[in-house]
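Hi everyone, thanks for coming. Please take a look at the screen, and then we'll walk through it together.

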Amino acid sequence: MRVLVVEDEPLLADTIAEWLRDEAHAVDVAYDGAAALERAWVNSYDVVVLDRDLPLVHGDDVCRRLVEDGSPARVLMLTAAADLRDRVAGLSLGADDYLTKPFALPELAARVLALGRRTRASSSPVLSRAGITLDPTLRGVTRDGRPVGLAKKEFAVLAELLQAQGAPVSAEHLLEKAWDEHTDPFTGVVRVTVLKLRRKLGDPPVIETVTGVGYRIP
């Protein structure tokens, strides 16, 4: 998934981002509300992890703008305020979930994954096609019952291909969902990752190249 972490404490923001990247998500970071809105206008996010007490533009206003602009992103709001009224106020702005500080990173990651599933409400948590099974919770992949060990980007790309249910997926879409905003779009990382993924999944080859369109698992 593509995740935006918005937190004005750089150490905490970067720690959350690295944890989520280890879960095979593509993660961008913003340290204030204005930067968060700018990134949300440019990129399509599945989940926004949003601190409530932000400089420049308050987290409440960021959440409100995302909802008003019709963003499909689910919002996990973070706050140091544990009072029930604060939680209710945050949810009333359009946040989908609420987590008080301090929190455990595994819990945050689990909530992000759960919210990401809700952005794709019709999909099953476990993805299966052409003998391949991918479990995003356990980070496990099998083909015809055989375990397949994948790197984080390979796992993310495979998840997007399985999610498409046989439809072609463009390299641009894969780049947006599996890599963050600092990736050079002209590096060929998608092509190289698909080549590695094909090799690890084994024979017969299961990922097709659709000329001029992208890739698919028929």
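Helix H6 lies across strands E6, E7 and E8, running at about 115° to E7. Helices (H or I, at least four residues) and strands (E, at least two) are DSSP runs numbered from the N terminus. Angles run from 0 to 180 degrees between N-to-C directions, with axes fitted to C-alpha atoms, for helices over the stretch in contact.

A word on the source: this is a predicted model, where local features need pLDDT of at least 70 and side-chain atom pairs count only at pLDDT 80 or more, while totals for chains, interfaces and linings use all residues. Residues are numbered from 1 along each chain as its sequence is written, and side-chain values use heavy atoms, leaving out hydrogens and water.

Now the sheet: it is open, with four antiparallel strands in the order E6-E7-E8-E9. Two strands pair if DSSP finds at least two bridges between them. E7 (132-135) and E8 (140-143) share four bridges, and Ile132 stands opposite Arg143 in E8. At the edges, E6 and E9 each pair on one side only.

So what does H6 pack against? Helix H8 (189-201) meets H6 (152-163) at about 85°, axes 10 Å apart. That makes the two roughly perpendicular (65 to 115 degrees).

Finally, the largest nonpolar core has 27 residues, and Leu158 and Ile207 touch the most other members. Such a core is a set of buried Ala, Val, Leu, Ile, Met, Phe, Trp, Tyr and Cys residues joined through side-chain atoms within 4.5 Å; buried means under 20% relative accessible area with a 1.4 Å probe, protein chains only. H6 gives the most to this core, seven residues.

Key. Parallel < 35°, antiparallel > 145°, perpendicular 65-115°, else oblique. Contact = heavy atoms within 4.5 Å. Buried < 20%, exposed > 50% of the residue type's maximum accessible area, 1.4 Å probe, protein only.
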